[in-house]
Protein chains: 4
Amino acid sequence: MAKSKFEYVKGFEMSDSCLPNTWLVLRLDGRGFHRFAMAHNFAKPNDILALNLMNKAASAVMQEFQDIFIAYGQSDEFSFIFKRSTNLFGRRASKLLSTVVSLFSASYVFYWSQFMKTPLLYPPAFDSRIVLYPSAKNLRDYLSWRQADCHINNLYNTCFWSLVESGLKNEEAQKRLNGTESSQKNEILFNEFGINYNNEPEQFKKGSVLLWENYHEKIQSNDGSSVGDSGNDPGKANTESAVGDSVMESTREGFTFRKRKRVVVSHVDIIGDSFWDNNNLLD
Amino acid sequence: MAKSKFEYVKGFEMSDSCLPNTWLVLRLDGRGFHRFAMAHNFAKPNDILALNLMNKAASAVMQEFQDIFIAYGQSDEFSFIFKRSTNLFGRRASKLLSTVVSLFSASYVFYWSQFMKTPLLYPPAFDSRIVLYPSAKNLRDYLSWRQADCHINNLYNTCFWSLVESGLKNEEAQKRLNGTESSQKNEILFNEFGINYNNEPEQFKKGSVLLWENYHEKIQSNDGSSVGDSGNDPGKANTESAVGDSVMESTREGFTFRKRKRVVVSHVDIIGDSFWDNNNLLD
Amino acid sequence: MAKSKFEYVKGFEMSDSCLPNTWLVLRLDGRGFHRFAMAHNFAKPNDILALNLMNKAASAVMQEFQDIFIAYGQSDEFSFIFKRSTNLFGRRASKLLSTVVSLFSASYVFYWSQFMKTPLLYPPAFDSRIVLYPSAKNLRDYLSWRQADCHINNLYNTCFWSLVESGLKNEEAQKRLNGTESSQKNEILFNEFGINYNNEPEQFKKGSVLLWENYHEKIQSNDGSSVGDSGNDPGKANTESAVGDSVMESTREGFTFRKRKRVVVSHVDIIGDSFWDNNNLLD
Amino acid sequence: MAKSKFEYVKGFEMSDSCLPNTWLVLRLDGRGFHRFAMAHNFAKPNDILALNLMNKAASAVMQEFQDIFIAYGQSDEFSFIFKRSTNLFGRRASKLLSTVVSLFSASYVFYWSQFMKTPLLYPPAFDSRIVLYPSAKNLRDYLSWRQADCHINNLYNTCFWSLVESGLKNEEAQKRLNGTESSQKNEILFNEFGINYNNEPEQFKKGSVLLWENYHEKIQSNDGSSVGDSGNDPGKANTESAVGDSVMESTREGFTFRKRKRVVVSHVDIIGDSFWDNNNLLD
């Protein structure tokens, strides 16, 4: 039973640490989510509750790994961007990959019943990959690529399901849209279904952007009575979805405050410059 | 919104496929499971229900990826061995790593309430890694390493918790065991607590070995009445825990049979030759 | 001038060590050797002196790195096979790759004038790559692949240059051979040029196999007179081309002997079993 | 002899392409150059001819691979920096590594007799590695690291060999210098040997920087007489050491000019900003 004579096998583990000083992008994608969405009757083209569940699981990941400074989600995928300087797990790719996708998956199942109305029928799975980006431009182009993808898919799906609801079969709707430009899809929506695509919910058109926000939490009045912690509200997608570490306390006007940070979800454009000008994210 | 001008970022994904014709070992480990076990009042030194839950989640993984021909679990870790010839996901390391650990984690949460008596308080996480072994000897030595580790830890833990239950503080028990040989720990158990270590449950001493087993399932009598599917029974650790793909049907003595395979759990020695002689696993 | 504030850049070097217990094959290939052969008037289809120079440079590499147990060369390429157990340079791929190709290239230029009749006009270059093979079968198939390639190319080239010498233009010869089977090429050689391909030199048909051979070198008679070291003879391709480390001395019949090993070149079949049965190379 | 049944072994080659948009630094180092320098009686502490030979071999590499925009050499090492955007050999690490070190090694032997006064006794070898740098700062810090290393070693060696020439044994000189600061070494040189270190040759203190320079070569007067090409002059280290591709021709004042670029060697500071401000190298 001497363990030592077998321990040489540890030497077969190969190093897989990521190049320093590069932005580390970890994207996860649902596996077989077409079938999963059917099985659980997801609303078409977008299931707001399922999307909010994705955001909740992503928030749980950010809470745990605060070197993630931005995350972006759409459909059944989420991208987490780690600080260029992160040394989490010594930047080992497999450790980062596996821990994040594991926590996300466990959170998705754990929070399912808080968000969804149907019971979970079977455990879902996500895959993940890590891609490194050496320059700020490359990183922004990555995020632009994902948000442009969200827009293109959502416009298509909005048209597709409108056509299907109006009586077309799936193949007929597909054929109808085949080769159409964006402008043509906008026209179909407007002329045939009275839908102005611009008025569609931002969450569907833009996806979800998760960022850290600093705030002061009132923790107790100086007479000692505690102040309630607000719970998660699946319907409120744009408010804080998770609460980070407390950093320090202060006292003001008879109350004690704790400086905290939390993850906030928004559905803003991240392709143009203004988001990046307004948020000092790319040191 | 032209996606194409951003798509060059896909070119930053690096290939990570695994060397062909090597056994691919994927091991996952609980993250922060010391705290997780405390929070959920796991029995010490072994929580049989938690171990069976691990086996259940591992079975779910094997069901999904049938190129796994053996899996071995102990404590909060599980190793999955893929056939040398597997071409699953083109042998891409990150795809294999992430999908397996994701499905395992989701399954662990999904099946929690079927096994555990306390509610799950927060989502757990596992990390995972892939190691390649070029020879049958290397692979067997890997599995021997893990099973020897199981034995060593279990003997220590059995002693430790016996001492703690008898009134020692944790540090005192630790000090008492510091530097002791296996034989000395056996003596402590026998002399002080009347425990013959050899009689401890095989599952605790050997861990769990998951293998595929072929069987014929009686699916209906020829008069057309269906035959029930037996559900999962958390208390029955050694029986099949999952049912695989049906392969073909046959008819015999008035019944229709389907040839199926299922995952079976056992707690046998995999260090010696007899296990390998009896199971034709290493082509 | 403080070096220390810059030294962090060393941390950007990534580990690239090769999986243990696999055969490490390092193949180098001439870069732009079509032009190089033209510039130096290499004989067609095979320049025996240039091939022997390749063997000489390869021997120099084996002398330096005795973990290479076999090397195989043909045309402007050479493959070096390191023992499965080698730990040379900690199995770091770039260190192995670069040192071998560097020594080979420097040796090729250094020994040029010993072998070739025309002066070297410009420095040649070789590229190299490392491929790992986990099983003896894979390794043998690799070497078979290279030797089959040698045969196929040599039969083609022998035909091609016979046709060109007989008056065809290059394109005409190419067209004539396009799509022909081996048997047809043999017939062209025999019927049109009276060449029985089987009688062509083994070095051209089989390439060169370099192996280690143990021998006893007579170093001095016991009366003290020294015994000459035989030099390199470019014309003698099949004799030892390099002399390895002395290992021990012995005395016999009035002479002192040193046990040495040397690299020997042969042109034998390495596809069939007999070579491997006769040489105990694959532990 | 069917090659096809063996060709599967090609599938064992693993991809090793370098992350896009990073500066690719390829450094090569002499192997066993302490012994090599002794065997060839290199002058101590610096052999100007041997250094110029290194520069010549490096120039040959730059000529061949014009995506190298700067190279830096000192002692028996050379660093080549490829443009961030290079796609040479598809950025495959082993192809880049091996081809550069091979051409450098072959060139070193090829040009030996043009530079050195003693014959080459045996072929030298160099190893090489590739390191990627994502930011301009990282790249500059890399080059600063090497130049600071040059300075530190040269100051030490200048002291050491002055002490040895003055009669100390190697170990005594080593002991004397052990733990001394730069200022102390400067004082030893000045007080004991009358050497003002600042007046030592720039090539020894700073190493060699190789850059591309555009120029117009007068190729013929319009009366048709040709104009001679100036050869290599080993004594002239600071002039062009290699001539690049011609790009275009022009005619002026009765002469025809060709726009060409050539590699120039200088011995300037590359740690401070002014070099980088004056050369537009980091796009």
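Contact here means heavy atoms within 4.5 Å. This is a predicted model, where local features need pLDDT of at least 70, side-chain atom pairs count only at pLDDT 80 or more, and totals for chains, interfaces and linings use all residues. Residues are numbered from 1 along each chain as its sequence is written, chains are lettered from A in the order in which they are written, and side-chain values use heavy atoms, with hydrogens and water left out.

**How the chains pair up**

**Two helices in chain B**
- Helix α4 (residues 136-165) and helix α5 (residues 170-177) of chain B have axes that come within 9 Å and cross at roughly 135° (helices are DSSP runs of H or I, at least four residues, numbered from the N terminus; axes are lines fitted to C-alpha atoms over the stretch in contact, with angles from 0 to 180 degrees between N-to-C directions).
- The residues making this contact include B:Y156 and B:F160 of α4(B), plus B:A173 and B:L177 of α5(B).

**A look at B:V209**
- B:V209 sits in strand β5 (residues 208-221) of chain B (strands are DSSP runs of E, at least two residues).
- With 0% relative accessibility, B:V209 counts as buried (under 20% relative accessible area, 1.4 Å probe, protein chains only).
- Beyond its neighbours within four places in sequence, B:V209 is in contact with residues including B:I70, B:Y72, B:V264 and B:F275.

How values were computed
Buried < 20%, exposed > 50% of the residue type's maximum accessible area, 1.4 Å probe, protein only.
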